[in-house]
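Please look through the structure shown here, following the chain from one place of interest to the next.

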Amino acid sequence: MHAIDLVDLAATSTQLALSMAQLRLPPRCSAAQDVWLTSRYRQDNWLHCLARHRDAIVRPNTSRRIQLWLEIMPVIHEVLLAEPLTRVIAYSAGLWSKRGCENDLSPLAHSSLAAHIEARNRCLHLIVFGQGLAVDQAAVVNRLRQNLEYFTDHLLARLPAMEHPGLYAFEPQALRRRQRQIRPVGCGSESWELSTQLHVKQLRQIWHRDLNTPAANARLNLQLSQHALGLFPRACFDSFGLPHSAASVRRLRTACDAQVGANCEHPLFKYSGESPAETQRLRMHIQPRRHRSD
């Protein structure tokens with residue numbers, strides 16, 4: 001799996017995290033450790049490759065440096081492309097922690113974010129001070145970085161506001177302004193989803209036109225995407241297995257409040273640990289709402 005696909009996953013994770021916030025669902029704790037472990041494996045690979053490249057470009061001649069930069073570019077691209085998903089997960093974990101959801105996701109997600117920021121800083125340091133990098137290559141990477149930073153803040157703006165978003169956003173003040181513009185929940189959801197699709201399409205065009213490098217850690221990217229989706233309960237998906245839209249979440253929240261009380265968790269999640277008979281009874285009871293995915 002190429003890291004460009006993680007850009008789509010970051011957008012999907014934002015929509016799922018918004019559904020969880022509106023349905024007052026906590027994340028699945030069983031997936032938190034897997035997300036952290038896979039992220040750490042990939043980050044260790046990044047740091048090893050970047051350190052080896054930094055030492056190698058000091059010694060060889062010009063032609064060898066060109067080859068070394070071609071070899072390290074997939075790693076640099078992957079670090080930048082994977083960052084929106086890392087920040088969205090950490091931001092969502094911070095929200096769940098602030099709301100009293102006690103689990104291991106918040107410290108693990110913030111640990112992964114800190115390691116990712118370290119890898120990002122090493123990439124940018126190499127681009128600025130590394131020897132032998134062509135100017136046009138540096139310009140392409142810089143354009144990708146700028147687009148991804150804007151895209152990340154665009155995704156975070158759709159989530160509920162946080163008191164100190166500077167750890168997650170590249171422009172915290174701009175993020176707060178955007179969050180005020182699209183509140184209350186549901187306001188501007190269609191335009192946000194459309195603009196998100198346009199951003200993803202633009203990033204894919206940049207990658208195919210100017211970059212088009214192979215995946216540096218395809219297997220770990222695939223594993224991470226599977227574990228990241230595992231954070232979200234089935235109640236976040238509709239009967240077709242697609243993430244709930246803002247309108248469907250509002251309808252589901254209204255039905256859930258009317259049936260089980262405004263302060264209760266979603267029944268599918270709340271009773272997931274009950275006996276099979278009780279779980280089946282509850283599923284049959286709420287089946288007309290059509291929000292579970294098989």
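In this predicted model, Thr-38 touches Leu-220, Gln-223, Leu-224 and His-227, leaving aside residues up to four places away in sequence. Thr-38 itself belongs to helix H2, which covers residues 29–56, and its C-alpha atom is separated by 10.0 Å from that of Arg-219, a residue 181 places away along the chain. With a relative accessibility of 6%, Thr-38 falls under the 20% cut-off and therefore counts as buried. A polar atom of the Thr-38 side chain also lies 2.9 Å from the backbone oxygen of Asp-34.

Burial can also be followed along a whole helix. Helix H1, formed by residues 4–23, reaches 30 Å from its first C-alpha to its last, which is close to the 28 Å expected at 1.5 Å a residue. Because 16 of its 20 residues are buried, H1 is largely enclosed by the rest of the structure. After H1 comes Arg-24, with a positive phi near 60°.

Two other helices can be considered as a pair. Two packed helices are described by the angle between their axes and the distance between the axes. For helix H3 (residues 62–98) and helix H5 (residues 135–157), the axes come within 9 Å and cross at roughly 10°; an angle under 35 degrees counts as roughly parallel, and H3 and H5 are therefore described in that way. The residues of H3 that meet H5 include Leu-70, Met-73, His-77, Leu-81 and Tyr-91, while those on the H5 side include Gln-137, Leu-144, Arg-145, Phe-151 and Leu-155. By class, this contact of H3 with H5 has 14 nonpolar, three polar and two charged residues.

Conventions. Residues are numbered from 1 along each chain as its sequence is written. This is a predicted model: local features need pLDDT of at least 70, side-chain atom pairs count only at pLDDT 80 or more; totals for chains, interfaces and linings use all residues. Side-chain values use heavy atoms; hydrogens and water are left out. Helices (H or I, at least four residues) and strands (E, at least two) are DSSP runs, numbered from the N terminus. The expected span of a helix is 1.5 Å times one less than its number of residues. Buried means under 20% relative accessible area, exposed over 50%, partly exposed in between (1.4 Å probe, protein chains only). Contact means heavy atoms within 4.5 Å. A polar contact is a pair of N or O atoms within 3.5 Å; within protein, one must be able to donate a hydrogen and the other to accept it, and residues adjacent in sequence count only if both atoms are side-chain atoms. Axes are lines fitted to C-alpha atoms, for helices over the stretch in contact, and angles run from 0 to 180 degrees between N-to-C directions. Angles under 35 degrees count as roughly parallel, over 145 as roughly antiparallel, 65 to 115 as roughly perpendicular and the rest as oblique. Ala, Val, Leu, Ile, Met, Phe, Trp, Tyr, Cys and Pro count as nonpolar, Asp, Glu, Lys and Arg as charged, and the others, Gly among them, as polar.
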